[in-house]
Amino acid sequence: MTERLILQNVMKRYGDKTAVNGVTLGVQEGEIYGLLGANGAGKTTTMRMVLGLIYPDEGSITYGGRPYGGDVQRMVGYLPEERGLYPKVKVSEQIIYLAKLRGMDGAEAEKNLKYWMNKFDADEYYDKRIEELSKGNQQKMGFIAAVVHRPQILILDEAFSGLDPVNVELLKLAVKELRDEGASILFSTHRMEHVEELCHNITILDRSNTVLQGDIREIKRGFPREQILLKTSAAVTGLESIPGVTGVEGDPEGYLIRISDEAAAVPVLTLAMGQSEVRHFEVKEPTLNQIFIRSVGERHE
Ligand SMILES: Nc1ncnc2c1ncn2[C@@H]1O[C@H](COP(=O)(O)OP(=O)(O)OP(=O)(O)O)[C@@H](O)[C@H]1O
């Protein structure tokens, strides 16, 4: 697989404040790459540099091997920032206009627009003005505006915020479809469950620095497993007394057992089997949410 979007040691300062301190990452064709971080970590600044809205003070960003400029601008799609679409202009008119600006011919733009409007269950908004739409529906139109010209690189900053659960699913499907067609997607969000579902590779930033980077599965292997999920046919007593067990919650339908040492797993299972039929036993991997809190939260303590 080829890395299409590459950031190398990208640095941005505002006066004596370093907003982004040497970020290096690569997004492949057909990949959704997660860019995560606490508030103020440098995500938006990084994405604004990728969009060519601001320039890095150091380092480089390349798009299919080329620097920003010329045709590269047309390769990139992004969700307009809040109020990015003109409230008084018809949805179809401005989205087709934007697609043409990015080099697509009118007929193809119209065809793509209709395709996405239909996917998003939004046909009825075609001839409406943006200001007539609810906030969530405006956001869906923003998403269509970002993808209508079929960009090879797509920048999504909190693309699902403010959407109802049905629309979140629709947008997730759309993002997966674009990935499967080969788009390179830089995806930023605070919703870790979306990252777990959509991304393989991530970078976590904290106060302008990269604190974790790589394949989510490998990152997880580097963190201790601290929870056991146990389901049994009857109550199990004495779990709390096992060395390494630091807490027990729940009931036979699902005990959540906190452990400080994975060596506690075997005695937990042995005890449970001695008292009951064991229906489920799992030493749980940490969630990305727990990893985020550990790696970012601990730095702040
Ligand atoms: N135009 C600017 N002038 C001065 N400082 C800025 C500017 N833009 C961003 N910063 C600073 O750079 C740092 C990174 O900000 P950025 O907006 O990139 O964070 P973020 O990760 O997107 O945060 P959030 O999750 O809160 O949106 C912050 O400390 C911010 O105050």
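## Burial and overall build

Buried residues make up 33% of the 301 residues in the protein. A residue counts as buried if 20 or more other C-beta atoms lie within 10 Å of its own, as exposed if 12 or fewer do, and as partly exposed in between, with C-beta atoms placed from the backbone. This is a predicted model: local features need pLDDT of at least 70, side-chain atom pairs count only at pLDDT 80 or more, and totals for chains, interfaces and linings use all residues. Residues are numbered from 1 along each chain as its sequence is written.

The protein has ten helices and 13 strands. These are DSSP runs, numbered from the N terminus: helices are H or I with at least four residues, strands are E with at least two. Along the principal axes, the C-alpha atoms fill a box of roughly 70 × 50 × 35 Å. Two residues are in contact if their C-beta atoms, placed from the backbone, lie within 7 Å. Take the contacts between residues at least 6 apart in sequence: 69% of them join residues at least 24 apart.

## Two domains

The domain assignment gives domain 1 (3-220) and domain 2 (224-284). Such bounds come from an automatic or database domain assignment. The C-alpha centres of domain 1 and domain 2 lie 43 Å apart.

Strand E7 covers residues 184-188, and five of the five are buried, so E7 is largely enclosed by the rest of the structure. Ser184, Leu186 and Ser188 point one way from E7, while Ile185 and Phe187 point the other way. Strands pair if DSSP finds at least two bridges between them. Strand E3 (residues 31-37) pairs with E7 in the parallel sense over five bridges. Here Ile32 stands opposite Ile185.

E6 also runs parallel to E7, and five bridges join the two. Leu156 has Phe187 as its bridge partner in E7, and Ile155 has Leu186. Four of the five residues of E6 are buried, so E6 too is largely enclosed by the rest of the structure. Strand E5 (residues 76-78) pairs with E6 in the parallel sense over three bridges. Tyr78 of this pairing stands opposite Ile155 in E6.

## Around the ligand

Which residues are around the ligand? They are Tyr14, Lys17, Ala19, Gly37, Asn39, Gly40, Ala41, Gly42, Lys43, Thr44 and Thr45. The elements that give two or more residues to this shell are strand E2 (17-28) and helix H1 (43-50). H1 gives the most, with three residues. A residue is near a molecule if its C-beta atom, placed from the backbone, lies within 6 Å of it.

By class, the shell has three nonpolar, six polar and two charged residues. Ala, Val, Leu, Ile, Met, Phe, Trp, Tyr, Cys and Pro count as nonpolar; Asp, Glu, Lys and Arg count as charged; the others, Gly among them, count as polar.

## Helix H1

In H1, the residues Lys43, Thr45, Thr46, Met49 and Val50 are buried. They cover an arc of only 165° around the axis, which puts them on the same side of H1. The arc is that of the directions from the helix axis to the C-beta atoms. An α-helix has 3.6 residues a turn, so residues three or four places apart point the same way. Gly52 follows H1, and its phi is positive, near 75°.

## Leu212 in strand E9

Leu212 sits in strand E9 (residues 209-215). Leu212 is buried, with 21 other C-beta atoms within 10 Å. Leaving aside neighbours within four places in sequence, Leu212 is in contact with Ile204, Ile219 and Ser295. Leu212 and Gly37 are 175 residues apart in sequence, yet 9.9 Å apart in space, C-alpha to C-alpha.

## Two positive phi values in loops

Most residues other than glycine have a negative phi. Asp121 is not a glycine, but its phi is positive, about 55°. Asp121 lies in the loop between helix H4 (106-119) and helix H5 (135-147). Is Asp121 buried or partly exposed? Asp121 is partly exposed, with 13 other C-beta atoms within 10 Å.

Glu158 also has a positive phi, near 45°. Its place is the loop between strand E6 (153-157) and helix H6 (165-180). Glu158 is partly exposed, with 16 other C-beta atoms within 10 Å.
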